[in-house]
Amino acid sequence: MGEDSELAIAAVRRYAAALRRIRSRLFDAYPDLGDVKDLMAAVRHKKTLPREGTSSTGVEYSIHGAGCLMIDEQGRTVDVDLVDGVEAFDAWRINWFLGEQSDAQPSVEELRTACSHLASTGELLEVQAGIW
């Protein structure tokens, strides 16, 4: 693997780590909810939570068409869609996340290739073509 590939893989791993961290902090505030699917049900069907809000742990969330945008106290933003009941992301979401951090970043295509590589090693699960 070349240097660009390694940088793209590291970028995907940073996004995945941020997603785990921010998601965990969000759900620490809502112990009755296990995942984004539960959060979406609380907003849309049970109407026990607003569509947009800030958790007691400081994580902002916004439920959108197919998923949830989450922002931590430092302004780091992660976004997932529900795809076949699984929380998933694509290269564009990683690119958006990276754009908040620096000008030097892998291209969307390099991120797709990195995600595919990580899926081939079992580090990511490809839910649908191009969605992990």
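1. The buried residues of helix H2 (36-44) pack against H1, S2, strand S3 (67-71), S4 and S5. Contact here means heavy atoms within 4.5 Å. Helices (H or I, at least four residues) and strands (E, at least two) are DSSP runs, numbered from the N terminus. The buried set of H2 consists of Val-36, Leu-39, Met-40, Ala-42 and Val-43. Because these residues fall within an arc of 160° seen down the axis of H2, they line one face of the helix. The arc is taken from the directions from the helix axis to the C-beta atoms. Buried means under 20% relative accessible area, exposed over 50%, and partly exposed in between (1.4 Å probe, protein chains only).

2. This is a predicted model, in which local features need pLDDT of at least 70 and side-chain atom pairs count only at pLDDT 80 or more, while totals for chains, interfaces and linings use all residues. Residues are numbered from 1 along each chain as its sequence is written, and side-chain values use heavy atoms, with hydrogens and water left out.

3. Ile-63 is part of strand S2 (residues 60-64) and is buried, at 2% relative accessibility. Leaving aside neighbours within four places in sequence, Ile-63 is in contact with Leu-39, Met-40, Val-43, Arg-44, Arg-51 and Cys-68. Gly-53 is ten residues from Ile-63 in sequence, and the C-alpha to C-alpha distance is 9.3 Å.

4. Asp-79, in strand S4, is also a point to check. Is Asp-79 buried or exposed? Its relative accessible area is 9%, so Asp-79 is buried. Beyond the neighbours within four places in sequence, Asp-79 has contacts with Tyr-15, His-64, Cys-68, Leu-69, Ala-88, Phe-89, Arg-93 and Trp-96. The C-alpha atoms of Asp-79 and Gly-67 are separated by 7.5 Å, with the two residues twelve apart along the chain.

5. Helix H4 (residues 108-120) has 13 residues and reaches 18 Å from its first C-alpha to its last, close to the 18 Å expected at 1.5 Å a residue. The expected span is 1.5 Å times one less than the number of residues. Val-108, Leu-111, Ala-114, Cys-115 and Leu-118 are the buried residues in H4. They cover an arc of only 115° around the axis, which puts them on the same side of H4. Their packing partners are helix H1 (3-28) and helix H3 (91-99). Just after H4, Gly-122 has a positive phi of about 90°.

6. Two residues other than glycine deserve a look at their backbone. Most residues other than glycine have a negative phi. Lys-47 has a positive phi, near 55°; this residue is in the loop between helix H2 (36-44) and strand S1 (52-54) and is exposed, with a relative accessible area of 63%. Asp-84 likewise has a positive phi near 55°, in the loop between strand S4 (77-83) and strand S5 (86-88), and is exposed at 65% relative accessibility.

7. The largest pocket has a volume of about 240 Å³. On a 1 Å grid over the protein atoms alone, a pocket is an open set of points where a 1.4 Å probe fits, with protein on both sides within 12 Å along at least five of seven lines; lining residues have an atom within 4 Å of a point. Grid points are joined across faces, edges and corners, and the volume is the space filled by probe spheres set on the points. Of the 13 lining residues, Ala-16, Arg-20, Phe-89, Glu-123 and Leu-124 lie nearest the centre of the pocket. H1 supplies the largest share of the lining, six residues.
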